[in-house]
Each structure stands twice: as C-alpha cells, then as structure tokens.
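Okay, thanks everyone, I'll keep this short. Today I want to talk about salt bridges, so let's get the structure up on the screen.

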Amino acid sequence: MMRILALMLSVAALAAAPLTTAAQQKPILLHDAALVDGTGAQVRPHVDITMRKGTIESVRPAFTKKSPKNVDIVDCTGKVVIPGLISAHSHLGVLLNNAETSSNAYTPENVTATLNQFERYGVTTIVSLGVNRDLVYDLRDQQRAGKIGGATLLTAGRGIGVPNGAPGMNLAQDQIYRPATPDEARKDVDEMAGHHVDLIKLWLDSGHGKIPSMDPAIYTAVIDEAHKHHLKVAAHVYTLADAKSLVNANVDIFAHSVRDQTVDSAFTQSLLDRKTWYIPTLALDEAFYLYAASPEVMQSQFFQQAAGPQLLAKLQAPDYAEKNLSSEQTEQAKKDHAIAMQNLKTLRDAGVSIGFGTDSGAVPGRIPGYSEHRELEDLVAAGLTPLQAITLATGENGRLLREINPKLSVGLIQTDYSADLIILSADPLLDVRNTRHIEAVYHHGVLVPNPPPQN
Ligand SMILES: [Zn+2]
C-alpha cells in the first residue's frame with residue numbers, strides 16, 4: 001500500500017512539474033558556430049542557427065555587423081554544433097539503476113528517468129525497440145502533450161518473441177508477446193497497431209542452438225500483418241542464414257549485426273535491392289567485456305554519472321575483471337564484435353543504408369546515453385571517419401525514422417527540422433570522442449538542464 005501511494009505521489013509530482021516549451025520563450029540564435037549539419041557535408045565555419053518554436057528557423061553565415069533584435073544570442077565562437085544523436089535501438093524499463101534486470105523496472109519513474117538521461121547525454125530521440133509494457137503508449141502521449149520530457153520516444157510496444165525462447169530477459173508477462181501460431185501472431189500485431197506503435201519488432205535467434213527459434217510461418221505472418229498496417233518490421237538477428245530468410249520474408253530493418261560469419265555478396269546485394277536497413281549495434285557485444293578489458297574507460301565523470309553508483313560498484317568489484325575475462329561469454333562476445341565490425345564496413349562500403357543504435361538499456365553495461373558515444377567510437381574503430389559515424393547517428397538515422405513516421409524531421413540542422421542539437425567544446429571530427437565534450441543540449445529548441453561532466 002505504501003508502495004502504491006509512493007508511486008501515485010511521484011507520478012503526480014512528475015505531471016505537476018512545469019516543462020518549458022519553446023513556444024514560451026524568445027527565439028534563440030546560436031552565433032558563430034562551426035556546424036556539422038548531419039547531411040555528411042564537411043564542417044561549415046561561422047554559422048548562425050536560429051531556433052524558433054522548437055524548430056530550426058534558419059541557418060546562415062554569422063552576422064558581422066548589427067546583431068539581430070528580439071532573439072536571445074548564445075555565443076558559439078570556437079564551438080562545434082552537431083544534431084542531437086538518435087538511437088534507433090534502445091530499451092526502457094528493463095534495468096533497475098542500470099545495474100540489474102528486473103521485471104519490476106517498467107515504472108513511469110524509471111522510464112522517465114532513462115529518457116531524461118538519454119536527453120542529457122545528447123541523445124534527443126530514441127526508439128524503444130520492444131519489451132515495453134503498455135504503459136509506454138501513455139508515456140508517449142504524455143510526452144507529446146508536453147507533460148513529461150526526455151528524449152523523444154518512439155516505440156515498438158511489446159514486440160514478438162518466442163515461447164521459451166528469445167528474448168531471454170527477465171520480463172513481466174505483459175512486456176512481450178510469445179505467439180504459438182501465425183494467427184496468434186497476427187492478432188498480437190493487430191493489437192499493437194491499435195495502440196499506434198511506431199514499428200513492429202521480432203526476435204529471430206536460437207542462442208547458438210540452445211533455445212527454440214521462431215517458426216518461419218510466424219515471422220512471415222508478423223511481417224505480412226505489419227505491412228498491412230503500414231508498419232515497418234525490425235528484427236533481432238544473429239546468424240547470416242536467419243538474416244537471409246528475413247530478407248526473403250521482406251523484413252525492413254535489421255536491429256543488430258550479422259555476427260556468426262562474414263556477409264557474402266548475395267546478401268549485400270539483397271539489402272541494396274530491397275533497401276533494407278542495417279543497425280550494427282557494435283557497442284552491444286563489446287559491453288560484455290569492455291569494462292574488464294579496458295577499466296580506464298570507467299574513470300571519466302562522463303561515464304560514472306551515466307553508469308550510476310550501483311553499476312559502477314558491480315563493474316569495479318575486485319573479482320569482476322578476472323571472472324569476466326575468463327568467461328565463455330566474453331570469448332564469444334569478442335569474436336562476435338570482431339565480425340560485426342567487419343560486416344558493418346563491408347555493407348557500408350557497398351552502399352547499404354546503415355542505421356545507428358546500441359541496444360542500450362537492455363542489459364547492465366549497455367548504458368543509456370553513454371553507449372551511444374561509445375558506438376560512435378566503435379564505428380570509427382571499424383573504419384569510418386568521425387564525420388561518417390556522426391552522420392549515421394544523425395542525418396542517416398533521421399532518414400530511417402522518417403521511413404517509420406513521415407512526420408518526423410530529426411537528425412539534420414536545417415530549416416524546419418526539430419531544433420535538437422548539441423553544442424560541443426571540442427571538435428568531434430578531429431577525435432570522435434569529443435562528442436562527449438557537451439557544453440549544452442537543446443531539444444525542441446529548449447536548453448536541457450544538467451549536461452554531463454565533460455571529463
Ligand atoms: Zn534490443
């Protein structure tokens with residue numbers, strides 16, 4: 001009872017907190033910035049960006065004589081402005097304190113806190129790609145009504161899993177559908193369509209043959225039914241064979257890398273022919289061993305604030321590194337990560353549409369807000385330039401989201417796009433880790449409080 005009362009009180013507190021909206025404030029002019037606009041174009045020096053009522057009103061050469069009137073001017077001399085990052089594969093309400101998986105974690109407070117953490121770290125839009133309780137629809141409505149803040153939320157609702165199979169997380173009954181027949185699967189898709197999900201998610205993974213995989217008749221039905229509702233389908237995948245079957249079944253988005261082997265040219269060509277998206281989630285496999293293998297990444301305040309004290313204590317426990325590095329899971333994850341890096345480079349060089357996501361929030365160690373900056377670093381390690389990596393996380397991912405919802409204009413700093421951007425105090429094109437030098441985040445044209453520590 002006390003618990004329920006406490007929950008009600010805190011929900012009331014959330015709802016009562018007045019959020020600033022861009023409509024209530026003067027236009028803001030970011031003056032004399034170096035601009036990376038998300039299109040992939042090289043940096044443009046000496047630019048003025050005006051934000052009005054939540055959108056980008058203009059992008060112009062910096063004024064040199066009279067300063068414009070009736071705007072709030074923010075001096076950005078020496079700063080670099082990039083679009084807010086977008087994660088097309090994240091999760092909400094799976095972890096408690098980022099530190100443990102719990103079927104009790106899907107609460108309004110926890111979900112809202114995670115959305116706020118993403119936003120503070122410059123991730124201004126996320127897709128919560130499955131295992132959401134139906135509460136997500138209400139939170140999305142509240143957010144659209146300006147009652148709660150945080151990263152703009154798109155959702156795949158519960159998603160379609162397998163009885164006794166994937167996803168194998170510790171979930172509440174009402175966090176996932178596990179249909180046993182194609183008809184049941186169609187009904188589940190219809191129910192999510194009725195809630196206006198942004199897309200449909202399904203899991204195709206046999207866990208190296210240890211768990212039952214989804215019957216092809218079921219994923220074929222899911223994709224067909226989703227397409228009847230004009231919904232795109234994103235699939236969790238691991239093997240090349242499964243990925244090929246899914247392409248043949250008309251899947252729209254791969255939510256992970258192919259990791260059991262290197263991709264072949266027939267697969268690459270099929271993605272090009274069908275315009276299938278591929279989200280590599282490189283930081284995912286790496287997160288299994290990163291903190292044991294490279295404990296120095298945990299030293300920054302930027303990392304520590306995102307991780308939070310409970311996870312940090314786990315990762316810094318005296319026996320953690322040794323146990324982790326000698327585990328079979330780590331050995332497998334290292335192999336998977338190496339293949340994922342290689343496949344990403346192959347597919348990108350071939351011209352496949354590459355999205356950006358991390359699977360942050362799904363497992364302890366995949367840290368909302370931090371993982372996205374780590375993913376950028378991984379993309380560069382895989383052979384992309386920092387500009388190419390940032391373009392995937394912004395303009396390209398915005399293009400993916402627009403295919404999901406044509407009303408969305410995110411990922412670019414251009415007229416009429418949502419005024420979601422990050423002001424950096426260091427140049428991310430020189431070193432992509434400089435995306436962590438966050439001076440300020442604006443989301444819908446409003447300054448986000450408490451940016452993370454820069455080091
Ligand atoms: Zn996921």
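One cut-off before we start: when I say buried, I mean under 20% relative accessible area. And keep in mind that this is a predicted model.

With that, Glu225 counts as buried, because its relative accessibility is 9%. So who does Glu225 pair up with in a salt bridge? That's Arg186, and the closest N and O atoms are 2.8 Å apart. Glu225 sits in helix 5, residues 216-228, while Arg186 is in helix 4, residues 182-194, so this pair ties together parts that are 39 residues apart in sequence. Arg186, for its part, is partly exposed, at 23% relative accessible area.

Next up, Arg259 and Asp285. They form a salt bridge too, with the closest N and O atoms 3.4 Å apart. This one links distant parts of the chain: Arg259 is in the loop between strand 13 (253-254) and helix 7 (265-274), and Asp285 is in helix 8 (residues 282-287), 26 residues apart. Buried or exposed, these two? Arg259 is buried at 6%, and Asp285 is buried as well, at 3%.

Now a local one. Glu396 and Arg399 meet in a salt bridge at 3.0 Å, N to O. They're three residues apart in helix 14 (residues 386-404), so about one helical turn separates them. Glu396 is partly exposed at 21%, and so is Arg399, at 37%.

Zooming out, the structure holds 21 salt bridges. There's also a network of them, linking Glu286, Arg374, Glu377, Asp378 and Arg436.

Definitions and conventions: Residues are numbered from 1 along each chain as its sequence is written. This is a predicted model: local features need pLDDT of at least 70, side-chain atom pairs count only at pLDDT 80 or more; totals for chains, interfaces and linings use all residues. Side-chain values use heavy atoms; hydrogens and water are left out. A salt bridge is a side-chain nitrogen of Lys or Arg within 4 Å of a carboxyl oxygen of Asp or Glu. Helices (H or I, at least four residues) and strands (E, at least two) are DSSP runs, numbered from the N terminus. Buried means under 20% relative accessible area, exposed over 50%, partly exposed in between (1.4 Å probe, protein chains only).
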